[in-house]
Structure formats: structure tokens, C-alpha cells
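Please walk me through this structure, step by step. I am new to it and would like a friendly guide.

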Amino acid sequence: MSVHPVGDGRYEVDAASGERYHVDLEAGRCSCPDHRFRGARCKHVRRVAIEITEGRVPPPGEVVRDCRDCGTAVFVEEGVSGPTYCPDHELTAGDRARDRETGAEVVVVGVSALRADHVRITATDCTVAEHPTNDRYEPDVPVVAAIYPHARVAPNGTVPASLRTYLFPRTRLRRIGPP
Ligand SMILES: [Zn+2]
Ligand SMILES: [Zn+2]
């Protein structure tokens with residue numbers, strides 16, 4: 001039997017017989033005769049529950065998406081927009097990442113929920129999405145702040161004394177590592 005999530009807590013189950021049944025997991029309903037005529041908790045409902053428990057199929061309320069960087073299947077909440085990343089490619093503050101545009105390595109200092117077309121860069125008076133170097137990246141992805149880790153320690157302190165942060169559309173950065 002193979003199980004395909006179709007959203008809304010519903011699943012299609014292809015039985016060995018070649019029949020396809022529709023399971024509503026939360027209601028405990030199935031379109032098979034066993035359930036419809038005998039009210040049994042049929043093997044299709046049980047199979048869906050097993051597939052969820054074993055992590056092969058998303059639970060009700062979640063859907064399968066591909067990691068944007070490596071294609072690994074990831075379960076995410078239904079209706080969540082923006083690119084999806086697997087645990088290996090998710091960015092959080094402190095991660096090292098590679099700028100796809102320049103090849104430079106950066107250190108992530110902040111990940112926002114704000115979109116690239118909603119955040120302005122004061123120095124150039126345009127949004128992150130409108131910045132010419134971001135032509136190739138989608139305007140509706142989250143903005144990530146990062147620094148270039150190029151400070152050095154001198155007898156009179158750090159040079160430069162503070163590092164400037166830069167803003168990137170999320171898809172422009174690819175996580176390096178984990179170490
Ligand atoms: Zn059934
Ligand atoms: Zn990945």
C-alpha cells in the first residue's frame with residue numbers, strides 16, 4: 001500500500017488490489033467498503049497512522065516540501081510561504097554561509113521573517129529585492145543579515161572597531177557546514 005498526502009488531513013491510499021481509497025484521518029473515515037459498510041477502523045486508516053508515526057508521510061496540518069538547497073523532503077505547516085530548508089541548510093545567527101553571487105563567506109547575524117521587497121537598504125535607498133546585485137533572487141523570500149568576518153585585533157583594539165552588517169535575500173546564501 002502506498003500513501004499520498006493530499007492536504008487537509010486527507011490521504012489517498014493505493015491498495016494492493018489496485019483500488020485507491022480516500023482516508024480522512026482525523027475523522028477516522030475511509031472510502032473502502034470495510035469502513036463504509038462495517039464501520040471498521042480499516043487497514044487503510046491504520047496504514048496512514050503508521051506512515052505518519054514512522055515519519056514517511058506528514059501528519060495532518062503539514063505538507064511535504066523540498067529543501068531549496070539540497071532537495072531533501074521536509075515537512076512544513078500547511079500554508080507557510082517562502083522557501084523551505086532542511087535542518088542542514090536552515091540558517092540561524094552564528095552560521096557561516098556562502099554568498100552565491102560573489103563566493104564570499106559571511107557570518108549570519110540575523111534571520112528575519114520580513115521579505116526582501118519589504119526591507120529598505122538606507123545606503124542605496126532601495127529595497128533588498130531592488131538592489132541590482134539581487135536581480136536573480138526572488139523578492140518574496142526572507143531577509144538575512146550577515147557580516148564579512150574580516151576584523152583583526154591590533155594593540156589599540158579591533159580594526160575596524162565595528163563590522164557593518166549587510167542584507168541578503170535568503171536564497172542568495174547557502175549555509176556552509178555543519179562543521
Ligand atoms: Zn479503508
Ligand atoms: Zn537541505
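Between domain 1 and domain 2 the count of salt bridges is zero. The model you are looking at is a predicted one, and in it two residue pairs make polar contact between domain 1 and domain 2, both at pLDDT 80 or more. About 470 Å² of area is buried between domain 1 and domain 2, and carbon and sulfur atoms give 63% of that area. To find these parts in the chain, look at residues 2-60 for domain 1, 62-87 for domain 2 and 96-175 for domain 3. Nine residues from domain 1 and five residues from domain 2 take part in the contact. The C-alpha centres of domain 1 and domain 2 are 23 Å apart.

Salt bridges do occur elsewhere: the structure as a whole holds 16 salt bridges. Glu51 forms a salt bridge with Arg47, and the closest N and O atoms of the pair are 3.6 Å apart. Where do Glu51 and Arg47 sit relative to each other in helix α2? They are four residues apart in helix α2, which spans residues 43-53, so about one helical turn separates Glu51 from Arg47.

Now let us turn to the start of the chain. Here four strands make an open sheet in the order β1-β2-β3-β4, and their pairing is antiparallel. The edges of this sheet are β1 and β4, the latter covering residues 29-30; each has a single partner strand, so one side of each has no neighbour in the sheet.

You can follow the pairing of β1 with β2 residue by residue. The two strands run antiparallel and are joined by five bridges. Along them, Val3 stands opposite Val13 in β2, while Pro5 stands opposite Tyr11 in β2. Together β1 and β2 form a hairpin that has two residues between its strands.

Most residues other than glycine have a negative phi. Asp8 lies in the loop between β1 (2-7) and β2 (10-14), in the turn of the hairpin that these strands form.

A second open sheet is built from five strands in the order β14-β11-β8-β7-β15, again with antiparallel pairing. Which strands stand at the edges of this sheet? They are β14 (165-169) and β15 (173-175); each has a single partner strand, so one side of each is left without a neighbour in the sheet. On average, and with direction ignored, neighbouring strands in this sheet are turned by 45° against each other.

Inside this sheet, you can pick out β8, residues 105-115, and β11, residues 142-147. Five bridges join β8 to β11, and the two run antiparallel. For one position to look at, find Gly110, which stands opposite Ala145 in β11.

The last stop is a peptide bond. The bond from Val159 to Pro160 is cis, and its omega is near -10°. Most peptide bonds are trans. As for its place in the chain, Pro160 is found in the loop between β13 (157-159) and β14.

Notes:
Residues numbered from 1 in each chain as written. Chains lettered and ligands numbered in written order. Predicted model: local features only at pLDDT ≥ 70, side-chain atom pairs only at ≥ 80, totals over all residues. Heavy atoms only, no water. Pairing = 2+ DSSP bridges. Axes fitted to C-alpha atoms, helices over the stretch in contact; angles between N-to-C directions. Domains from an automatic or database assignment. Contact = heavy atoms within 4.5 Å. Buried area = accessible area lost by both parts, 1.4 Å probe. Salt bridge = Lys/Arg side-chain N within 4 Å of Asp/Glu carboxyl O. Polar contact = N/O pair within 3.5 Å; in protein donor to acceptor, adjacent residues only side chain to side chain.
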